[in-house]
Amino acid sequence: HPEIWEVILTGGDPFMLSPRRAAELTRELELIPHVKVIRWHTRMPIADPARVSDAFVSAIGSKLKAVYVAVHCNHANELSPAVCDALSRLADAGIPLLSQTVLLKGVNDDADVMKALVHRLLRMRVRPYYIYQMDLITGGAHFKADVKKGIEIIRALRGHTTGYAVPQFVIDAPGGGGKVPLNPDYVEEVRDDGVFLRNYEGRLFRYPLVPSATDGAIPAAAPEWTPAWVDR
């Protein structure tokens, strides 16, 4: 299958492998010319950071392929000094780190809690990647947060922290539909004379399709600039 460009190693947790087995997998993938990226998805740096040994880090490293590691972390309290050490071993080896978080009711369905998590991850050189709306799993209904809460969290992060601290909020569509992004609605209207945008502060802006000397923020008192649908 020469169309395969990236290989993802995921659950059961691939960091449960021995360094020897992990190295064997890596070396086998290195032999496939059309595979350019190897991505490991794991909870082990959080759940059992001692497993992320120097030997294991060396085993998954590659000079022939780009190697990424995506960790699964749901709350800043999980990021202990031992976890920091495990993540540092990966980062110091030149392996880019991403994070995935599941939105969980009563655990992290709060903008301040999520902001603390993404900031702590960035300090550990982990790029926040996804926030997932929880899959529909038996016995997990008590953790299911409102989708609107996830959108509110993204709105609360955007503009109030650095851009690369804002993950993408997604639903993994049931039945194999893939990841569908959910975002606050920043686009108010698209017209022939411009795109009307509302920023993180709620202020309205017009991005002109034809440049003019009056480009910029829309004055609230200027009817010719204010679309009819704007609340006054």
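This is a predicted model: local features need pLDDT of at least 70, side-chain atom pairs count only at pLDDT 80 or more; totals for chains, interfaces and linings use all residues.
Okay, let's start with helix α6, residues 147-157. Which of its residues are buried? They're Gly 150, Ile 153, Ile 154 and Leu 157. If you look down the axis of α6, those buried residues sit within an arc of 95°, so they line one face of the helix. That spacing makes sense, because an α-helix has 3.6 residues a turn, so residues three or four places apart point the same way. And what covers that face? The cover includes β4 (97-103), α5 (111-123), β5 (126-133) and β6 (168-173).

Now the two ends of α6. At its start, a side-chain oxygen of Asp 146 comes to within 2.8 Å of the backbone nitrogen of Lys 148. Just past the helix, Gly 159 has a positive phi of about 85°.

Most residues other than glycine have a negative phi, and most peptide bonds are trans. Arg 125 isn't glycine, yet its phi is positive, near 65°. You'll find Arg 125 in the loop between α5 and β5, and it counts as partly exposed because its relative accessibility is 43%. Then there's a cis peptide bond joining Gly 11 and Gly 12, with omega at about 0°. Gly 12 belongs to the loop between β1 (6-9) and α1 (19-30).

Last stop, the surface. Val 187, Val 190, Leu 197, Tyr 207, Leu 209 and Val 210 make up a nonpolar patch, with about 570 Å² of accessible area together. Take Val 190, which is in strand β8, residues 187-191. Is Val 190 buried or exposed? Exposed, because its relative accessible area is 60%, and the cut-off is over 50%.

Note on methods: Residues are numbered from 1 along each chain as its sequence is written. Side-chain values use heavy atoms; hydrogens and water are left out. Patches are made of residues with over 30% relative accessible area and no salt bridge: like charges are joined within 9 Å, nonpolar side chains (Val, Leu, Ile, Met, Phe, Trp, Tyr) within 5 Å. Accessible areas come from the Shrake-Rupley method with a 1.4 Å probe; for residues, only the protein chains shown count as cover. A salt bridge is a side-chain nitrogen of Lys or Arg within 4 Å of a carboxyl oxygen of Asp or Glu. Helices (H or I, at least four residues) and strands (E, at least two) are DSSP runs, numbered from the N terminus. Buried means under 20% relative accessible area, exposed over 50%, partly exposed in between (1.4 Å probe, protein chains only). The arc is that of the directions from the helix axis to the C-beta atoms. Contact means heavy atoms within 4.5 Å. A polar contact is a pair of N or O atoms within 3.5 Å; within protein, one must be able to donate a hydrogen and the other to accept it, and residues adjacent in sequence count only if both atoms are side-chain atoms.
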